[in-house]
Amino acid sequence: MYDPGYINNNPEEPAENLPKDAIRILQLSDSHLYADTSRRLVGLNTQETFEQVIALAKETALPADVILATGDIVHDASATGYQRARDYLEQFELPVFCLPGNHDIPETMSYNMESELVSTQRSVAIDDWLLILLDSTIPHDSGGHLSDNELALLRETLAAHESQHALICLHHHPVKVGSAWMDSMALDNPDSFFEIIDQHSNVRGVLWGHIHQIYEGYYNEQVRMMGSPSTCIQFTPDEDDFAVEHVAPGFRWLELYADGSIRSGVKRLAEMPAGLDIKSGGY
């Protein structure tokens with residue numbers, strides 16, 4: 001069963017001395033960039049906040065092994081926006097793995113972001129761990145769905161790597177987060193998703209974006225469930241209607257250990273960027 005209760009393992013800082021057999025991941029999500037760098041989303045300049053969060057990650061959470069960009073990378077799905085996102089992500093000088101969100105066009109994202117460091121590949125094995133990146137997007141729809149092909153990819157990849165701990169990544173949340181408007185755009189076939197997880201005891205975590213807020217919980221007391229903030233605006237938790245919260249943008253860091261445990265926390269900018277339209281009724 002899914003336990004929606006929050007967990008206490010949400011430390012503020014990454015470990016100072018990470019074991020050699022552990023992996024550190026930095027997750028950047030929901031950047032909502034535009035071709036035009038002057039564009040704002042609910043009052044915030046998304047390019048500026050993206051750059052500020054990247055600077056924070058480089059200052060506070062390196063060294064790391066992998067960067068994950070978990071969707072809604074470019075709000076207008078423009079080639080220019082993706083190319084600029086790629087250039088900034090390459091500044092980490094680390095492997096970067098991207099998956100699409102509902103504002104992205106997967107084909108455009110893949111074509112314009114693929115480089116020596118940035119990839120849209122679907123899975124990557126690193127030491128004791130396997131990362132699986134799923135496409136939960138529905139064309140021209142804000143909600144999420146895992147197609148038969150995506151479910152088959154998940155099932156087959158897990159089966160082929162039974163000896164490794166698995167972290168599953170997608171854009172849409174597979175569990176309800178308590179906000180009616182946001183939960184109307186959740187993954188619409190979570191039962192099929194969790195049925196596969198139930199068949200593979202090596203799944204240790206599920207990670208997503210989309211909700212623009214922190215979410216922590218467990219599935220069946222052993223699979224860590226993690227929703228993460230945006231690099232721009234933050235949605236107010238537990239609100240039935242659209243609402244933004246006066247909380248600074250940020251990123252999530254994760255430490256994956258050889259025993260299958262996950263240590264994770266969120267870092268935010270020290271100050272709220274100027275311009276947020278707290279009274280906005282949507283975007």
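Predicted model: local features only at pLDDT ≥ 70, side-chain atom pairs only at ≥ 80, totals over all residues.

I started with helix α1 (residues 46-60) and α2, which pack at an angle of about 20° with their axes 11 Å apart. Under 35 degrees counts as roughly parallel, so that is what I call α1 relative to α2. The crossing of this pair, α1 and α2, is right-handed. On the α1 side I listed Gln47, Phe50, Glu51 and Ile54 as making the contact, and on the α2 side Arg84, Ala85, Tyr88 and Leu89. Sorted by class, the contact of α1 with α2 has five nonpolar, one polar and two charged residues.

Helix α2 (residues 79-89) packs with helix α3 (residues 106-113) at an angle of about 45°, and their axes are 8 Å apart. That makes α2 oblique to α3. I noted a right-handed crossing here too, where α2 passes α3. From α2, the contact takes Ala79, Tyr82, Gln83, Ala85, Arg86 and Leu89; from α3, it takes Thr108, Met109, Asn112 and Met113. By class, I have six nonpolar, three polar and one charged residues for α2 with α3.

Then I asked myself: which residues of α3 are buried? They are Met109, Asn112 and Met113. They cover an arc of only 90° around the axis, so they sit on the same side of α3. Glu107 and Tyr111, on the other side of α3, are exposed. Last, I checked what the buried residues of α3 pack against, and wrote down α2, β6 (96-99) and β7 (118-119).

How values were computed: Residues numbered from 1 in each chain as written. Heavy atoms only, no water. Axes fitted to C-alpha atoms, helices over the stretch in contact; angles between N-to-C directions. Helix = DSSP H or I, 4+ residues; strand = E, 2+ residues; numbered from the N terminus. Parallel < 35°, antiparallel > 145°, perpendicular 65-115°, else oblique. Left-handed = near helix turned anticlockwise from the far one by under 90°. Contact = heavy atoms within 4.5 Å. Nonpolar A, V, L, I, M, F, W, Y, C, P; charged D, E, K, R; others polar. Buried < 20%, exposed > 50% of the residue type's maximum accessible area, 1.4 Å probe, protein only. Arc of directions from axis to C-beta.
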